[in-house]
Amino acid sequence: MKKVLIAVTSVAKYPNLERPTGLWLGEAVHFADEMYNKGYEIDYVSPEGGYTPIDPESLKADFMTDLDWKYYQDKSFMNKLGNTLKPSDINAADYEVIYYAGGHGVIWDFKDNEALQTISSEIYHSNGIVSSVCHGAIGLLNIPDNDNRYLIDGKNVTGFTNSEEEAVGLADHVPYLTEEALKERGAIFKGEADWSSFAVVDERLVTGQNPQSGKAVAEQVLRILNKV
């Protein structure tokens, strides 16, 4: 059985704000838990390798479930987030799924990371699955497909919506909006009510709308893999 690869951010701070950012913990946890429960081995990769910062907002009581607390106290899991692989360490042939977790940090380090894009393209074109949740959809923007097109061109996708970005008060503090960026790449954007769990499947591309959607993405990925 091939492995699962989870991509996380290396960015710890908003470049234009005195405010920390990083991985939204639950977006990694709720996807990973479903994969671990089916016996998958998971590797974690980030643009720079090494430590991935955790967005402190994601650790607030309103957002932390019992499952999040379980993983947050799991030294093995947290050590993996503290020592992620670099893209150059990855052999795409070892994986059948890549999953881009979010958190606002990815806005600055996923979009133009050609190494991650190459890994994703190789996984997809080897009949693997490319997936994301929330801002993690930024990692999908520049993945090449055949015929000089982008992978998401003409495909149904979701991600953090304009209204959700407005609701958290950050629409004016990010260089672009996730929903708009996906549309500009030719994707057919789908969205549900703010903060609802929602995942979209288009062939072997699976995307989730927001932090509430990591488990839904995992369930759809497992369905494609015939593991449910």
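The points below go through selected local features of a predicted model, residue by residue and element by element.

1. Asp68 belongs to helix α2, which spans residues 66-72, and the residue deserves a look on account of its charge: Asp68 is buried yet has no salt bridge. The nearest side chain of opposite charge is that of Lys70, and it is 11 Å away. What the side chain of Asp68 does reach is the backbone nitrogen of Thr65, at 2.9 Å. Leaving aside neighbours within four places in sequence, the contacts of Asp68 are Leu25, Gly26, Val29, His30 and Phe63.

2. Arg19 sits in the loop that runs between β1 (3-7) and α1 (25-37). With a relative accessible area of 28%, Arg19 is partly exposed, because the buried class requires a value under 20% and the exposed class one over 50%. Once residues up to four places away in sequence are set aside, Arg19 touches Lys13, Tyr14, Glu57 and Leu170. The C-alpha atom of Arg19 is separated by 9.7 Å from that of Asp55, a residue 36 places away along the chain.

3. Strand β4, residues 129-133, is mostly covered, with 5 of its 5 residues buried. In a regular strand the side chains alternate between the two faces of the sheet. In β4, Ile129, Ser131 and Val133 point one way while Val130 and Ser132 point the other way, and all are buried. Strand β3 (residues 95-100) pairs with β4 in the parallel sense over 4 bridges, and within this pairing Tyr99 stands opposite Ser131. The pairing of β4 with strand β8 (residues 205-208) is likewise parallel and runs over 4 bridges, with Ser132 opposite Thr207.

4. Aromatic pairs. A search of the whole structure returns 9 aromatic pairs. One of them joins Trp24 and Phe63 in an edge-to-face arrangement, 5.1 Å centre to centre with 75° between the planes. This pair links distant parts of the chain, since Trp24 lies in the loop between β1 and α1 and Phe63 in the loop between β2 (42-45) and α2, 39 residues apart. Trp24 counts as buried at 16% relative accessibility, whereas Phe63 is partly exposed, with a relative accessible area of 38%. The ring centres of Tyr100 and Phe110 are 5.2 Å apart and their planes stand at 75°, so that pair is edge-to-face. Tyr100 lies in strand β3 and Phe110 in the loop between α4 (106-109) and α5 (114-124), so the pair ties together parts that are 10 residues apart in sequence. Both Tyr100 and Phe110 are buried. Elsewhere, Tyr36, Tyr44, Tyr71 and Phe77 form one aromatic cluster.

5. The structure holds 7 salt bridges. One of them joins Glu18 to Lys13, where the closest N and O atoms are 3.8 Å apart; Glu18 counts as exposed at 77% relative accessibility, and Lys13 is partly exposed, with a relative accessible area of 36%. Another is formed by Lys155 and Asp145, the closest N and O atoms being 4.0 Å apart, a value to be read with care because the criterion asks for the nitrogen to be within 4 Å of a carboxyl oxygen. Lys155 is buried at a relative accessible area of 9%, while Asp145, at 24%, is partly exposed.

6. Lys183 and Glu180 meet through their side chains in a salt bridge with an N to O distance of 3.9 Å. Both residues lie in helix α7 (residues 178-184), 3 residues apart, which is about one turn of the helix. Lys183 counts as partly exposed at 38% relative accessibility, and Glu180 is also partly exposed, with a relative accessible area of 29%. Salt bridges that share partners join Glu179, Glu180 and Lys183 into one network.

Definitions and conventions. Residues are numbered from 1 along each chain as its sequence is written. This is a predicted model: local features need pLDDT of at least 70, side-chain atom pairs count only at pLDDT 80 or more; totals for chains, interfaces and linings use all residues. Side-chain values use heavy atoms; hydrogens and water are left out. Helices (H or I, at least four residues) and strands (E, at least two) are DSSP runs, numbered from the N terminus. Buried means under 20% relative accessible area, exposed over 50%, partly exposed in between (1.4 Å probe, protein chains only). Lys and Arg count as positive and Asp and Glu as negative; His and the chain ends are not counted. A polar contact is a pair of N or O atoms within 3.5 Å; within protein, one must be able to donate a hydrogen and the other to accept it, and residues adjacent in sequence count only if both atoms are side-chain atoms. Contact means heavy atoms within 4.5 Å. Two strands pair if DSSP finds at least two bridges between them. Rings of Phe, Tyr and Trp (its six-membered ring) pair if their centres lie within 6.5 Å; planes under 30 degrees apart count as stacked, over 60 as edge-to-face and the rest as tilted.
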